[in-house]
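Hi everyone, thanks for making time this morning.

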Amino acid sequence: MSELQPEWLVQVRDVLETLNQGVIITDECPRIVYANGVFQEMIGRSADELVGQYVKDLFPPEDVPWLLSRIGLGRIQGQDRFEFYLPQAAGDRLPVVVAARQLEDPDGRVFAIVTVTDIAEQKNAEMNLRRANLLLEARERALEEDLLLAARVQQSLAPKSLAWGAASVETYYQAARTIGGDYGLVTPGDDYLTLLVCDVSGHGIGSALVANRIYTETVSLIEGGAALTPMLQHLNRFVIQNLGSFVMYFTLAAARLSRDGRSLEFSSAGHPPAMILRPGQAPRFLESASTILGCFDDAVGQDSAVNIALEAGDRVMLYTDGFSETFDSRDEMLGVEGLAEIARETSSLPLPMMKQRILDRVTAWRKGPAADDMSLILVEVS
C-alpha cells in the first residue's frame, strides 16, 4: 500500500472496486491517494500514474482556478455536486457529474471521497435534442411563414364590400386560426349578383385546403352561368368523387339577386338559415332545403331553390355558424334566434355600421377568442 493511503482504506477498497462509478479519495492537499478501476478506465491512466498526483495537475491551467474554487466550496459545505469533465489520455474530455464529500479519519486527517459519473450519453442525447429542437424551430418558422402567406392569399380571396345595381353589400371574414375553412363570394354578373358563404368542417390547414379547392370549383361554376341547384349538386358530387377520402363535409348558402333588387333566388345545404330583414317586421328565416354536402349522393334535390320577392329597404344576411354557435361565460349559445335579434336591432343603422355593430355584439357575447371561422355577407336593396 502506498504511504499516502491511510490504513482504513484497506477495509473499503474492495467495496469501492465493485462500484460502477469512478471513485477517487484525496487528502487535504488535495492529492489522489486512491483511484478505483472505473475511474482509471474513465481517465485512461493507471493507479500508478494517478496516486500521488495533485488533482489540479490533471487539468489544463485555464480550468484550474474554477476547479479549486469548487474544491474550496466543498470543504466549507462539507460536500458538493457539479458537472465537469475528466481529461482523457487521448486528449478528449469526458463529461461527468462530480460528487464530493469531506470526511475525517480516526487520526484527525481530512480526506474527500469523490465519485465521478459518466454522463457522455446524456450529453450526447441533450446535444441531439438541441439539434432536433433547432431543426424543429426552423421548420416551425418556415411553416409559420407559409401559413402567414396562405392567410394573406386567403384574405385576398374574401369578398369585398361593393355597390351593384340596386344593392349595397358589406362583407366580413375572419379565420379562427391563421387560415380557415370558410369562404365567401360576392360575384357580380350581367343580370344578377351571386352571393355565397361556405363552411368546411374542421379548422386549420386541412379545412383551408379543401375550402380553397371547393372555392375554385365554385368560381368556375358561377362564371359558367350554372343555376343554383345544379351548382350545389355539382359541388356535392365533386367533393365526394375527388375529396371524399378527406372525410370532410361542408355546408353552403347561396343567393342570386336581380339587378333591380326585387327578386332573390336562394338555395342552401345544411347551413344556418339566412335572414331577410324588413323594417318593422321580425326577421324571416330562409332554411336549408338540402342536407350537408360531401357525404350523400342525393343531398341536393331538384327543387332546392326558392324565389323571394324583395322590397326597397330589405336587407339579406348570409353567415356561417361561427356567428351563431358562439358561447358566453355561462356556456349558453347565442344561437340563430339570438343572432337574429341582434340583426333586427341593428337593421335600421347604415349598412356598414350594422355590420360593425353585429361584430361588436357577438364579440361581447362570446367568452374568449373566436373558436370557429366567421363569414358574413349583408345586402341592402334600394
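Let's start with Tyr-183, which counts as buried because its relative accessibility is 6%. One caution before I go on: what you see is a predicted model.

So where does Tyr-183 sit? Tyr-183 is among the residues with the most contacts inside the largest nonpolar core, which has 27 residues. Leu-196, Val-200, Ile-214, Met-231, Phe-250 and Leu-252 are the others on that list. Which elements give two or more residues to this core? They are β8 (182-188), β9 (192-200), α6, α7 (228-243) and β10 (250-258). Helix α7 gives the largest share, seven residues.

Leaving aside residues up to four places away in sequence, Ile-214 touches Tyr-183, Val-200, Leu-235, Val-239 and Phe-250. There is also a second, separate core, with 24 residues, including Phe-39, Val-55, Phe-84 and Val-116.

Now for the rings. How many aromatic pairs does the structure hold? There are nine. One of them joins Phe-59 and Tyr-85, with the centres 5.5 Å apart and 80° between the planes, an edge-to-face pair. Phe-59 comes from the loop between α3 (47-50) and α4 (64-77), while Tyr-85 belongs to strand β3, so this pair links distant parts of the chain, 26 residues apart. Phe-59 and Tyr-85 are both buried.

Because Tyr-183 lies in strand β8 and Tyr-215 in helix α6, the pair ties together parts 32 residues apart in sequence. Tyr-215 has a relative accessible area of 15%, so Tyr-215 is buried. There is a cluster as well: ring pairs link Phe-59, Trp-66, Phe-82, Phe-84 and Tyr-85.

On to the charges. Side chains of opposite charge can pair when their charged atoms come close. A search of the whole structure turns up 18 salt bridges. In one of these, Lys-123 meets Glu-83 at 2.7 Å, N to O. Lys-123 is in helix α5 (residues 120-157) and Glu-83 in strand β3 (residues 79-87), and the pair links distant parts of the chain, 40 residues apart. Lys-123 is partly exposed at 24% relative accessible area, and Glu-83 is partly exposed at 42%.

Arg-109 and Asp-107 form another salt bridge, at 3.6 Å, N to O. Are these two buried or exposed? Asp-107 counts as exposed because its relative accessibility is 63%, whereas Arg-109, at 37%, counts as partly exposed.

Then look at Glu-345, which bridges to Arg-361 with the closest N and O atoms 2.8 Å apart. This pair links helix α9 (residues 335-346), where Glu-345 lies, to helix α10 (residues 351-365), where Arg-361 lies, 16 residues apart. Both partners are partly exposed, Glu-345 at 38% and Arg-361 at 33%. Glu-345 and Arg-361 also belong to a network of salt bridges with Glu-341 and Arg-344.

Last stop, the surface. Which residues make the nonpolar patch of about 280 Å²? They are Leu-143, Ile-205 and Leu-209. Leu-209 is in helix α6 (residues 204-223), and its relative accessible area is 57%, so Leu-209 is exposed.

Notes: Residues are numbered from 1 along each chain as its sequence is written. This is a predicted model: local features need pLDDT of at least 70, side-chain atom pairs count only at pLDDT 80 or more; totals for chains, interfaces and linings use all residues. Side-chain values use heavy atoms; hydrogens and water are left out. Patches are made of residues with over 30% relative accessible area and no salt bridge: like charges are joined within 9 Å, nonpolar side chains (Val, Leu, Ile, Met, Phe, Trp, Tyr) within 5 Å. Accessible areas come from the Shrake-Rupley method with a 1.4 Å probe; for residues, only the protein chains shown count as cover. A salt bridge is a side-chain nitrogen of Lys or Arg within 4 Å of a carboxyl oxygen of Asp or Glu. Helices (H or I, at least four residues) and strands (E, at least two) are DSSP runs, numbered from the N terminus. Buried means under 20% relative accessible area, exposed over 50%, partly exposed in between (1.4 Å probe, protein chains only). A nonpolar core is a set of buried Ala, Val, Leu, Ile, Met, Phe, Trp, Tyr and Cys residues joined through side-chain atoms within 4.5 Å. Contact means heavy atoms within 4.5 Å. Rings of Phe, Tyr and Trp (its six-membered ring) pair if their centres lie within 6.5 Å; planes under 30 degrees apart count as stacked, over 60 as edge-to-face and the rest as tilted.
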